[in-house]
Structures are given as C-alpha cells and as structure tokens.
Amino acid sequence: KSKNDSEQNALKRFLKHFRSDHPKLKTILVTDALHANQPLLKELEKHQMSFILGVKPGSHEKLFAAIDKWDKLQRTNHLTREEEIGDKIKKKRVREYRYVNGMLLNHQDVNTAINYLEFWETIQWVDRKGDLKETKVHFSWVTDFSLYESNVEEMARLGRARWKIENETFNTLKNQGYEFEHNFGHGYKNLSSNFMLLMMLAFLVDQLQEVGCKLFGKALQTEFGKRSRLWEKFTNLYEFLPAQITDWNMFLSLIAEPEEWTLTRNTS
C-alpha cells in the first residue's frame, strides 16, 4: 500500500512538466492559500511564471499582522466602488479593495517581495417583506504584479476566477451525474483512480461537445442546462432506442429537435 502524494509535491511536478511542454508560454498561476509559501515562489521564479495566490489569516499570520500594522501607519492603499444592480429587485453592491506593494510573505527570505490585495464585496437589498438582506464575501491574495488603482479590480476578478472555476467544476462533477467522490483517489489498488480518470475523460468529452457541437448544446438547453437531467434522457432514449437511429447526431437531434422526427419504437 502506498500513500497518495501531497498537493504541494504534485504541483511542483506539474509545473516542471508544464514548462517543459510550453517553454515560452506566458503563464499566471492562480491557486488557493495552501500553495502560498516560499518554496512555491522559488519554483515559480525558476519557471518564469507569474502568480496570484490566495492567502488567509490563519495560515499567514505574519503577513496579515504586517498588513494591519502598515494600515495603521496609512501605508496601504484603499479603493471603494458602489453601484446599483438587479432588475426586479434593486440591490446596492459595494466593493472595497486594500492593496500594497513590496511586502514579505514571511521572514524566511527577505530578498523576495510580494504585493498584497484584499477584497470585500457587500450586497444589500430589501426583500418583498420589507426586510433588509445582506451578503458579504472576502478574499485576499499575494501576487508578483505591481498593484495600482487602475488594475486592482481586474486583479481581483482574476483571483476570484479560480474560486468560480473550481467550485463550479466540482459542483458539476459531484451533483450533475458524474458521481465524483473523494474516495476516487484512495484504495489499495488502482480501481478507484481508474474510475476517476474515466470520469474526467467523460467530462472532457462533454465539455468539448458543449463548445463545439451545436446539437449537444441545444440538447443540454432543453434540460435547462442541467447535465444530470440530460443523462437521464439519454438513458431513457437508449432504453427505447428505435432501430432506425443510425448515428450520434441523430441521437442528439431527437432530444434537441424532437419536432423534426417521427419514429416508431421497435418492439420486435
């Protein structure tokens, strides 16, 4: 029995292979707080990659203490944006940014400086009962990009994109019919890992179809974009598949454009 490797070591291997495959590609690595450490900064410098790394107070205490100290000395920069959003229900959205250049991630290497960006978003509205509602989100990152008033909004969007992509992807894999679970990465043999790889291949094929096949996209929209419902329709259609269906395009067309077809179930 062998234990799965750590995410940090797996990322180091990935970076090495990625740079070998794409030696000149300009790259920005966006990760969560698990990877925001001095060894990774050295790896990124070696591979000539830029970065936007999430950081958290619990795992980066010295960094956040230094930020708060600089804030009291008025050495940090602040930006606030307010706007009204929503069609049926008007909402007030306030986005606040705090940023500073030339900080130390920790005190292990005083020659390696990073730039820090913090972001808050507050949305307020009054519901139909007249009650005030409010949602808040908070993110913070370190990056090698110099931060200015002109680019902090874009940098925050880039940082949040990782959260959006990761959560929406895992939500799809877990709840949209792929049945992805954590136990796919464990076991004494390779069966669970092989199931996971097959599932990821299926997901990749479905993504390619969604991007490149109009019929697949149209079929998906008939189920309001919910993949699990489309898989159920696939299963039902396959179970009662008429003999005259000849190819995949015709199979998709039966779902996407049912009005174009008049087929009789073969009961023989």
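1. **Ground rules.** Because the model is predicted, local features need pLDDT of at least 70, side-chain atom pairs count only at pLDDT 80 or more, and totals for chains, interfaces and linings use all residues. Residues are numbered from 1 along each chain as its sequence is written, and side-chain values use heavy atoms, with hydrogens and water left out.

2. **The sheet.** Six strands make an open sheet in the order β1-β2-β6-β5-β4-β3, with mixed pairing. Strands here are DSSP runs of E with at least two residues, helices are runs of H or I with at least four, and both are numbered from the N terminus. Two strands pair if DSSP finds at least two bridges between them. Strands of a sheet pair through backbone hydrogen bonds, either parallel or antiparallel.

3. **The edges.** Which strands stand at the edges? They are β1 (28-31) and β3 (77-85). Each has a single partner strand, so one side of each has no neighbour in the sheet. From one strand to the next, the twist averages 20°. Angles run from 0 to 180 degrees between N-to-C directions, and axes are lines fitted to C-alpha atoms, for helices over the stretch in contact.

4. **Two pairings.** β3 and strand β4 (residues 91-104) run antiparallel and are joined by nine bridges. Within this pairing, E83 has R93 of β4 as its bridge partner. β1 and β2 pair in the parallel sense, over four bridges. There, V30 has I52 of β2 as its bridge partner.

5. **Helix α2.** Helix α2 (residues 38-46) packs on the sheet and touches β1, β2 (50-54) and β5. Touching, or contact, means heavy atoms within 4.5 Å. The direction of α2 makes about 160° with that of β2. Together, β1, α2 and β2 make a right-handed β-α-β unit. Right-handed means that, with the strands pointing away from the viewer, the path from the first strand over the helix to the second runs clockwise.

6. **Two faces of β1.** In a regular strand the side chains alternate between the two faces of the sheet. In β1, L29 and T31 make up the covered face, while I28 and V30 make up the uncovered one.

7. **E121.** This residue is found in strand β5 (residues 113-126). Is E121 buried or exposed? E121 is buried, at a relative accessible area of 8%. The cut-offs are under 20% for buried, over 50% for exposed and in between for partly exposed (1.4 Å probe, protein chains only). The E121 side chain makes a polar contact of 2.6 Å with the side chain of R95. A polar contact is a pair of N or O atoms within 3.5 Å; within protein, one must be able to donate a hydrogen and the other to accept it, and residues adjacent in sequence count only if both atoms are side-chain atoms.

8. **Aromatic pairs.** The structure holds 13 aromatic pairs. Rings of Phe, Tyr and Trp (its six-membered ring) pair if their centres lie within 6.5 Å; planes under 30 degrees apart are stacked, over 60 edge-to-face, and the rest tilted. F64 and Y116 are edge-to-face, at 5.7 Å centre to centre and 90° between the planes. F64 lies in helix α3 (residues 61-72) and Y116 in β5, so the pair ties together parts 52 residues apart in sequence. Y116 is buried, at 0% relative accessible area.

9. **One aromatic cluster.** Y178, F203, F216, W231, F234, W248 and F251 form one aromatic cluster.
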